Amino acid sequence: MGKREVQEVNAGSMADIAFLLLIFFLVTTTMDTDTGLARLLPPIEDEPDPDTPPIKERNVFTVLLNSSNQLLVEGKPMEVRELTEATKEFIVNPLDAENLPEKKEIEVEFFGTVEVSKQVISLQNDRDTEYQTYLMVQNELQRAYSELREDLAKRKFGKAYAELEKEEQKAIRSIYPQRISEAEPKNIGK
Amino acid sequence: MAKFRKKKSGGQAAINTASLPDIVFMLLFFFMVSTTMKEVDMKVQIKPAQATELAKLEKKELVTFIYVGVPAKKFQSLYGSEPRIQLNDQFSTVPDIQSYIAQSRDAMRESDQPKMTVSIKADRECPMGVITDIKQALRKAAALKINYSAAEMVRER
């Protein structure tokens, strides 16, 4: 019995096989990352709790969108690009104006006692509003919040909001809580 | 003999291709890992809406998609040209959403169920009526975390 050599597998075609697989994955790959605006819907209530006090008129920022994609903000027509500034002014209420939201003092980590406005943004749309316009309005409202948070982060911590620690972000979020209410569907008209 | 050798070394040296499979394999693994196979056939046409304040939708396994748009050309004779809802691979109506949500929730791990997100992928010209109906159905199905799908806005200014 002669000593048998272990036969070597010919690996020459390995590259071809790998190429074939590579090309297959290259073709089938879709590298889309899904992005979007995240929102939380309110839970459904059969009957509103009678003990809940009604929200005061001055604390509500009413944004209406009609079927021809026009905006009515607090009873006045407005362009979409003006919305962010108006929203920011409403949320902050810098001059403590009578018709802008009330403030309430709360205890926040890192900041101590802070006045936080009791704002609520109410967004209502018509059934015929275009999705893009609706999303644009949502986007502008969100931008108002992110800009305010960004400002505060820069002022307090000297860093961008995204670079802050979890706890610091939470503190800022509790000063500018995002309260966008997407109201029950109704017809607003033309 | 020495003369002979000198002549030979003057020729083109072949590149060593022994490491080629390694390189190819590396690329292959990269694409295998980053690949997401297309899971559904799109039966509706969707031109994504645009926005700037986008958040990334992470953890694909937690996300359920609802597509809204005008049926693709080949389905228009059957389903008309009004915006329709597509769940999984088929056209559906608003009442189907609740069972669809329940189904996809059951398919998830129990620990993941509260984190379930529903992504609404709607065409940008779609009227809000359909979407409002979907939102109401989602509220009834207790799927409250939603995401309005949008692409990064291309600024013209």
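**Figure 1. Overall fold of chain B.** The secondary structure of chain B consists of five helices and nine strands. Along the sequence, these elements follow the order α-α-β-β-β-β-α-β-β-α-β-α-β-β. Of the 157 residues in chain B, 26% are buried. Among contacts in chain B between residues at least 6 apart in sequence, 77% link residues at least 24 apart.

**Figure 2. Confidence along chain B.** The mean pLDDT of chain B is 82, and 89% of its residues reach 70 or more. Within chain B, confidence is highest in β7(B), at 90, and lowest in helix α1 (residues 2–9) of chain B, at a mean of 54. Where pLDDT is low, predicted coordinates should not be read in detail. For the model, the scores are ipTM 0.72 and pTM 0.75.

**Figure 3. The largest nonpolar core.** This core contains 50 residues. Those with the most contacts inside it are A:Tyr131, A:Leu135 and A:Val137 from chain A, together with B:Ile66, B:Val68, B:Ile120 and B:Ile131 from chain B. Helix α3 (residues 131–157) of chain A supplies the largest share of the core, nine residues. In soluble globular proteins, nonpolar side chains tend to be buried together.

**Figure 4. Surroundings of B:Val68.** Residues up to four places away in sequence are not counted in this view. Among the residues that B:Val68 touches are B:Val44, B:Pro83, B:Ile85, B:Ile120 and B:Ile131. The contacts of B:Val68 also include B:Lys121 and B:Asp123.

**Figure 5. The contact between chains A and B.** Chain B gives 46 residues to the contact, and chain A gives 40 residues. On the side of chain B that touches chain A, the elements that give two or more residues are α2 (20–34), β3 (55–56), β7 (117–122), α5 (128–140), β8 (145–149) and β9 (151–152) of chain B. By class, this side of chain B has 25 nonpolar, 10 polar and 11 charged residues.

**Figure 6. Strand pairing across the two chains.** Strand β1 (residues 35–40) of chain A and β8(B) run antiparallel and are joined by five bridges. One of the residues shown is A:Ala38, whose bridge partner in β8(B) is B:Asn147.

**Figure 7. The position of A:Asp34.** A:Asp34 lies in the loop between α1 (14–28) and β1 of chain A. A:Asp34 counts as buried because it has 20 C-beta neighbours inside 10 Å, and the cut-off for a buried residue is 20 or more. Apart from neighbours within four places in sequence, A:Asp34 is in contact with B:Leu57, B:Ser119 and B:Ser149.

Technical notes. Residues are numbered from 1 along each chain as its sequence is written. Chains are lettered from A and ligands numbered from 1 in the order in which they are written. This is a predicted model: local features need pLDDT of at least 70, side-chain atom pairs count only at pLDDT 80 or more; totals for chains, interfaces and linings use all residues. A nonpolar core is a set of buried Ala, Val, Leu, Ile, Met, Phe, Trp, Tyr and Cys residues joined through C-beta atoms within 7 Å. A residue is buried if 20 or more other C-beta atoms lie within 10 Å of its own, exposed if 12 or fewer, and partly exposed in between; C-beta atoms are placed from the backbone. Helices (H or I, at least four residues) and strands (E, at least two) are DSSP runs, numbered from the N terminus. Two residues are in contact if their C-beta atoms, placed from the backbone, lie within 7 Å. Ala, Val, Leu, Ile, Met, Phe, Trp, Tyr, Cys and Pro count as nonpolar, Asp, Glu, Lys and Arg as charged, and the others, Gly among them, as polar. Two strands pair if DSSP finds at least two bridges between them. pLDDT is the predictor's confidence in each residue, from 0 to 100.
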